[in-house]
Amino acid sequence: MKQHDPAERLVVLTGAGISRESGLETFRDAGGLWNRHDIADVCTPQGFRRDPMLVSRFYNERRAELAHAEPNAAHRALATLEQAARDGRWNGELLIVTQNIDDLHERAGSRDVVHMHGELRRVRCLSCGATPEWLGDCLPDTPCPACHRPTLRPDIVWFGEVPLHMERIAAALAACDRFVTIGTSGTVYPAAGFVAEVRDHADTLDINLEAPATPTLFDRTLVGPATRMVPRWVA
Ligand code: BV8
C-alpha cells in the first residue's frame, strides 16, 4: 500500500526515438528499420512461421547491437525522477510504459518499466511457455533450456498480437494527471491512442525531434533531441 498520496501521477510513454542517441535504430526515420525490412516478414507471427530463420536473425542482430549500446541522458533523467519519488524529494509517482524492447531504461536505473511490446533480452518457448533471459543468438533449432524442445521465439509482441500488461496500463492512464510521450511517431496502436484516452483528465506533452506534421492532441510539444529536452523537462 503506498505510504503517501502522490500529488502527481505521471505516465511516460517512450518509443524508439529515446534510444536513437544510444545508437539504436528507429523504425520510420530515414534509414530506419522499416526502410530495410518488410514488417510482414520480420514483425508478424505469419512472417515467423514462414521464415523463422529470417526473423531470428533480425532479432539476433538487434540483440547484438543492444549489447554495445548504453543508456543516454534521457533514460538517466527519467531514472533520476523515479529516484526522487522514492527518496521523497518529489511527491509524485512515475510509470514508464515503453514500446521499446531494449533494456536501456532499466540499465539507466529505472525500476518501474512496463514493456508493452516485449523484451529483446527474453525469448519465449512455444511448448512450455518458459521466458528465459537470452543475451546471445537464438535460432529456430536452439533448444529451450527448460523443456529442451527447439520451439523458442523472440518474446516480442508482433503486429496482430495483443500487447502486454494492458490492464495495468489502462489503470495508470485512467489515474494519471500528466502524460508525456518521448520519441514516438504515434503510428502504432494501441499506444498511439493513449493520448486520446487521457487528454480530458491529464496534461499532455509530446517530446520529439521533429515538430508534429499536423496539429496534435497534445497540450504542449517540446521539439529537440531527447538527450537535451528530457533532462531540461525533468529539471
Ligand atoms: C494490436 C515489435 C489488438 C518489437 C512493434 C491490421 C491487422 C492487425 C493489426 C492491425 C491492423 N491494422 C492496424 C492494426 C493495429 C496494429 C497497428 O497499429 N498497425 C499500424 C501500422 C497501423 N497494432 C498491432 O497489431 C498491435 N496489436 O493492435 O492488438 C489489441 C489492441 C489493444 C488491446 C488488445 C488487443 C501490436 C503492435 C506492436 C507491434 N510491434 N514492435 C520490435 O520489433 O521492436 S511496433 C514498433 O513500432 C515499436 O514497438 C513501436 O511500438 C512502434 C512505433 O515505433 P516508434 O517507437 O514510435 O518508432 P518510430 O520509428 O515510428 O518513430 C520514432 C520517433 O522518434 C519519430 O517520431 C522521430 O521523430 C523520433 N526521434 C528520432 N530521434 C529522436 C527522436 N525523438 C527524440 N530524440 C531523438 N534523438
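Predicted model: local features only at pLDDT ≥ 70, side-chain atom pairs only at ≥ 80, totals over all residues.
Q: Which residues make up domain 1 and domain 2?
A: Domain 1 is 1-24 + 71-117 + 163-235, and domain 2 is 26-68 + 121-156. The contact takes 13 residues from domain 1 and ten residues from domain 2.

Q: Why is the pair of tryptophan 34 and phenylalanine 58 called stacked?
A: Their ring centres are 6.2 Å apart, and the planes sit at 20 degrees. Pairing needs centres within 6.5 Å and stacking needs planes under 30 degrees apart, so stacked it is. Tryptophan 34 is in helix H1 and phenylalanine 58 in helix H4, 24 residues apart.

Q: Why do tyrosine 59 and tryptophan 158 count as tilted?
A: Here the centres are 6.3 Å apart and the planes are at 40 degrees, so the pair is tilted. That angle falls between the 30 degrees for stacked and the 60 for edge-to-face. Both tyrosine 59 and tryptophan 158 are buried.

Q: How do you know that the charged end of arginine 153 sits over the ring of tryptophan 158?
A: The charged end of arginine 153 is 3.9 Å from the ring centre, and the distance limit is 6 Å. The rule also asks for a position within 35 degrees of the ring normal, and arginine 153 is listed as sitting over the ring.

Technical notes:
Residues numbered from 1 in each chain as written. Heavy atoms only, no water. Phe/Tyr/Trp six-rings, centres within 6.5 Å; stacked < 30°, edge-to-face > 60°. Helix = DSSP H or I, 4+ residues; strand = E, 2+ residues; numbered from the N terminus. Buried < 20%, exposed > 50% of the residue type's maximum accessible area, 1.4 Å probe, protein only. Domains from an automatic or database assignment. Contact = heavy atoms within 4.5 Å.
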